[in-house]
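This report looks at how two protein chains are held together and at a few local features within them. It begins with charged pairs and then turns to the interface, a helix and the backbone.

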There are 2 protein chains.
Amino acid sequence: MKRIFGILFILLSFHSFSQINDSTAIKSQVAKAIKELGDFVAIPNDALNGDDIDDNIFWLKKKFNERGFNTTELETDNHPLFFAALPIEDNKPTILFYMHFDGQSVDRSKWNQPNPYKMVLKAPEGDGWKTHSFDDMLEDIPYDWRLFGRSTSDDKGPIVMFLNAIDLIKKNGKKIPFNIKVILDGEEEKSSKPLPNAVKVYRELLEADFLIINDGPVHSSGKPTLVYGCRGITTLSLTTYGPVKPQHSGHYGNYAPNPGFQLAHLLATMKNKEGKVIIPGYYDGITLDSTTIEVLKSVPDSDVAIAEKQQFKTAEKVGDFYQEALQYPSLNIRGLGSGWIGKEARTIVPESATAELDLRLVPETDGNRLKTLVKQHITKQGYKVIDHVPTKEERLKFDNIITITESSVTNAFRTDLNNPYGNFLVKTMKESFNDDVVQIRIMGGTVPISPFINELKIPAFIIPMVNADNNQHSPNENLKIGQLAYGINTFYSILTSTL
Amino acid sequence: MKRIFGILFILLSFHSFSQINDSTAIKSQVAKAIKELGDFVAIPNDALNGDDIDDNIFWLKKKFNERGFNTTELETDNHPLFFAALPIEDNKPTILFYMHFDGQSVDRSKWNQPNPYKMVLKAPEGDGWKTHSFDDMLEDIPYDWRLFGRSTSDDKGPIVMFLNAIDLIKKNGKKIPFNIKVILDGEEEKSSKPLPNAVKVYRELLEADFLIINDGPVHSSGKPTLVYGCRGITTLSLTTYGPVKPQHSGHYGNYAPNPGFQLAHLLATMKNKEGKVIIPGYYDGITLDSTTIEVLKSVPDSDVAIAEKQQFKTAEKVGDFYQEALQYPSLNIRGLGSGWIGKEARTIVPESATAELDLRLVPETDGNRLKTLVKQHITKQGYKVIDHVPTKEERLKFDNIITITESSVTNAFRTDLNNPYGNFLVKTMKESFNDDVVQIRIMGGTVPISPFINELKIPAFIIPMVNADNNQHSPNENLKIGQLAYGINTFYSILTSTL
């Protein structure tokens, strides 16, 4: 890897960019990609079903082999991973691409088409969509029409864009100045559990200079987007206790301890009314210099538009604006429960009250450290912290008992904004599209490949390819035709530019 | 009424008490009462079914007529009330008795007998019960055996005790120094809605010097019990708001306002950690003098036993002990809800959070006044209080919005501990059973007849007749045989003693 970095710095001053100026060529390639995506979508891909995954790998093997890739299946504890690589040349830097071919389960009754695995072409019409036959499909199909079907966007679309970019590169007789490795995940929607361990087993095979992940949507502005990281996540579940069984609120209201009030008092000590966490140390280690703030501010978000859309007056004050807020870990009450509410409400003193918290993590805030801070804080509030439902002895011994259960930690990943590969990607995309690239320092959400990235220990970038309103994970998932052109173009320009 | 009070004070110094010293006579009467209760229980009595109520009234009419009562049905907006009276003599003080003959709905699958309306005799055996045939039934049936069936305790048992006390009085040739009026409610379990209005329509018919309610269980010590009042109730439902739709907690955690934290902050301002309400004025008007404290302390409760049973270390500190706590209004969180908890938990910023509160009332704290105090307090915390789901305009205009909905108020009732009729009842019961009478100044729970009592404006007392562990409102409701003897004895001694 060190050798590669040496080459990199020499090459940086000689880079050149490739663009596809022939709009007929790209339209023709998009038409082929639509056909290929329809074939791919037709293979069901629910990772709960091992046969689905095998069928998809069979298809992928054929398609990558056709393009001159060597392919193999990497065995794991669960489904195999699919791996493909063009013949390696030692003097070239290596890019590892990550995409996934499994999709969320489907509930056919909720889709506006008979079969979510039979891709449908639709044109916008009024507030809705009008279905068109693929027989009508011409090479000048409008870019705002869409392809509806499971995984058109998430994440089969990008795989097809990649394959068609390779075709176009070959057609145009271009050289690829990189070694190309591709790893395709068959259980991303089921948390990619085997992935981190695969790095340990297949480390040499996966070795690369940097990782490009093609998953998720571009920024809502529709502009070219490069993402440097994602927040991690962990969760805590807090339960406080009243009487061992619910009691009649007449007989025991203002006598038996009320678990809801206990929980309210406790939660109120964790954040101030502006939404900032006031547990000491929670934000330790995070500093944002003026250059970083500039990059964050350059993202074309509108805080006013978000507030208008979500219908609130003032956002929480963790950051001064949306992108700044995402640079910090969150402490979110995702659920509260005690007794019953609404029509089910009963006149009782409930036996317990539960708050479900999720903590989104940034690289500076390790999940286990944050959980420890929260637990120490709770202990300081006078609580006996336990990890089980209290016994009678414990109940009679301590006034304030709390059961805390926790999930495992998916830590954040974030590649430095000044990483030379990142600079290369930004410059390539900027010149290719003649447009500013939206640079997201860290996305708010969490991707299951975070542990894989942290295990690989190479710079990682997400280059999303699909439209933001793609109904990812939901019924009527779709892909804008224009994004096929965007993706083919993006892969083409990256793979034909030199560092 | 003033005239009656004049007589009362003269009579007070000449009162005499009656006791049934003939245990054979009482046992024989208990045997007859068991037979009669079996017949009565056999008539289903779910107030959702008008025919049930009519069938019970038909039976009651016959039984009261047999004992020389004049009877009538009082028409109301819903089911009729049953009214019975012995012939009135103008120079006697008048007691109005209230009981009810409807029962909770039954789920036969949850009872340990085929038909909850076919009364079953059971003897305690080990930790459970052994069924006996009524054919085995002798006049020396043990007093710890029980009768299982819907309304054996709540509240047909007391009606049958009353009827059999009348029989015994007649048999013993005793005179009743009172006018006796009886009102029997057919929809107590459905909140007795027609009752307060019936007072307006039938005021003269219901006129009496004092009211005795025979419903609910005796104190858990099993001792003779006299209750002077019951707390009232009203409810408030509080809902705070986050984004208009649930948001992904990665993308919008620590940005979109979190309704759970808002609610926690708000609830934490209402009560201190010891459980005392800190909303100004909430306890205004309540004073407990040393005599009252003595009466409260004389109730044979064990705070230690309650804590042991309910498994908590320290009770809330509204009062120094259980009976004292009940002299104050409560502010209870009976339900909390936001997003999902447990296995259903999702990584979202929820759109709202709700707390369901119930407020138990005492005579000093009118329900509407307390609700106003709570709402004023919430306004002072910076909330815009509304009574509907906020519009988009409201959401964008106010940082903190809360929807408060409220139920109607059932105010408390409480008869003075020094009321002369109360003194008479205590003395009568004490001498009849040669035991201390447990005097409950106010019960924690709420009875639907409170508005009826407050409308009647006469001293009211609850004299419960049944065992505390009767499974009231639940499957396997039951009545201890010994309580039949207790009830017949109690009615007998009250009705044959002079003021």
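A salt bridge is taken here as a side-chain nitrogen of Lys or Arg within 4 Å of a carboxyl oxygen of Asp or Glu. The model described is a predicted one. By this rule, the side chains of Glu36(A) and Arg67(A) meet in a salt bridge, with 2.9 Å from N to O. Glu36(A) lies in helix H2 (residues 23-41) of chain A and Arg67(A) in the loop between helix H3 (50-66) and strand S1 (70-74), so the pair ties together parts that are 31 residues apart in sequence. Glu36(A) is buried at 7% relative accessibility, and Arg67(A) is buried at 5%. The pair belongs to a network of salt bridges that links Glu36(A), Lys62(A), Lys63(A), Glu66(A), Arg67(A) and Asp167(A).

Over all chains, the count of salt bridges comes to 38. Side chains of opposite charge can pair when their charged atoms come close. The table sets out some of these pairs.

| Salt bridge | Closest N to O distance |
|---|---|
| Glu66(B) and Arg67(B) | 3.9 Å |
| Glu364(B) and Arg414(B) | 2.9 Å |

In the pair formed by Glu364(B) and Arg414(B), Glu364(B) lies in the loop between strand S15 (352-361) and helix H12 (367-380) of chain B and Arg414(B) in strand S18 (residues 413-414), so parts that are 50 residues apart in sequence are tied together. Glu364(B) is partly exposed, with a relative accessible area of 23%, and Arg414(B) is partly exposed as well, at 26%. In the pair of Glu66(B) and Arg67(B), Glu66(B) is partly exposed at 49% relative accessibility, whereas Arg67(B) is buried at 5%.

**The interface between the chains**

The size of an interface is often given as the accessible area lost when the parts come together. Between chain B and chain A this buried area is about 6,900 Å², of which carbon and sulfur atoms give 56%. On the side of chain B, Asn254(B), Tyr255(B) and Phe261(B) lose the most area to chain A, together 13% of what that side buries. In terms of contacts, 79 residues of chain B meet 79 residues of chain A.

Between chain B and chain A there are 2 salt bridges, and 46 residue pairs are in polar contact, with both residues at pLDDT 80 or more. Strand S13 (residues 332-339) of chain B gives the most to the side of chain B that touches chain A, with 8 residues. The residues of that side divide into 35 nonpolar, 27 polar and 17 charged.

Phe261(A), placed in helix H8 (residues 259-268) of chain A, is buried, with a relative accessible area of 3%. Leaving aside its neighbours within four places in sequence, Phe261(A) is in contact with Leu267(B), Met270(B), Lys271(B), Leu331(B), Asn332(B) and Ile333(B).

In chain B, Gln262(B) is found in helix H8 (residues 259-268) and counts as buried at 12% relative accessibility. A polar atom of the side chain of Gln262(B) lies 3.1 Å from the backbone oxygen of Tyr241(B). Not counting residues up to four places away in sequence, Gln262(B) touches Thr240(B), Tyr241(B), Pro257(B), Tyr383(B) and Asn400(B).

**A helix with a buried face**

In helix H9 (residues 290-298) of chain A, Thr292(A), Ile293(A), Val295(A) and Leu296(A) are buried. Seen down the axis of H9(A), the buried residues fall within an arc of 160 degrees, so they line one face of the helix. The face turned away from this buried side carries the exposed residues Ser290(A), Thr291(A), Glu294(A) and Lys297(A). What covers the buried residues of H9(A) includes helix H11 (322-325) and strand S19 (438-440) of chain A.

**Backbone features**

Most residues other than glycine have a negative phi, and most peptide bonds are trans. The peptide bond from Asp154(A) to Asp155(A) is cis, with omega near 20 degrees, and Asp155(A) lies in the loop between strand S6 (146-148) and helix H4 (156-171) of chain A. In chain B, the bond from Asp154(B) to Asp155(B) is cis, with omega near 15 degrees.

Lys457(A) has a positive phi, near 60 degrees, and is exposed, with a relative accessible area of 62%. Phi of Asn476(A) is likewise positive, near 60 degrees, but Asn476(A) is buried at 12% relative accessibility.

Key:
Residues are numbered from 1 along each chain as its sequence is written. Chains are lettered from A and ligands numbered from 1 in the order in which they are written. This is a predicted model: local features need pLDDT of at least 70, side-chain atom pairs count only at pLDDT 80 or more; totals for chains, interfaces and linings use all residues. Side-chain values use heavy atoms; hydrogens and water are left out. Helices (H or I, at least four residues) and strands (E, at least two) are DSSP runs, numbered from the N terminus. Buried means under 20% relative accessible area, exposed over 50%, partly exposed in between (1.4 Å probe, protein chains only). The arc is that of the directions from the helix axis to the C-beta atoms. Contact means heavy atoms within 4.5 Å. Buried area is the accessible area (1.4 Å probe) that two parts lose on being put together, summed over both. A polar contact is a pair of N or O atoms within 3.5 Å; within protein, one must be able to donate a hydrogen and the other to accept it, and residues adjacent in sequence count only if both atoms are side-chain atoms. Ala, Val, Leu, Ile, Met, Phe, Trp, Tyr, Cys and Pro count as nonpolar, Asp, Glu, Lys and Arg as charged, and the others, Gly among them, as polar.
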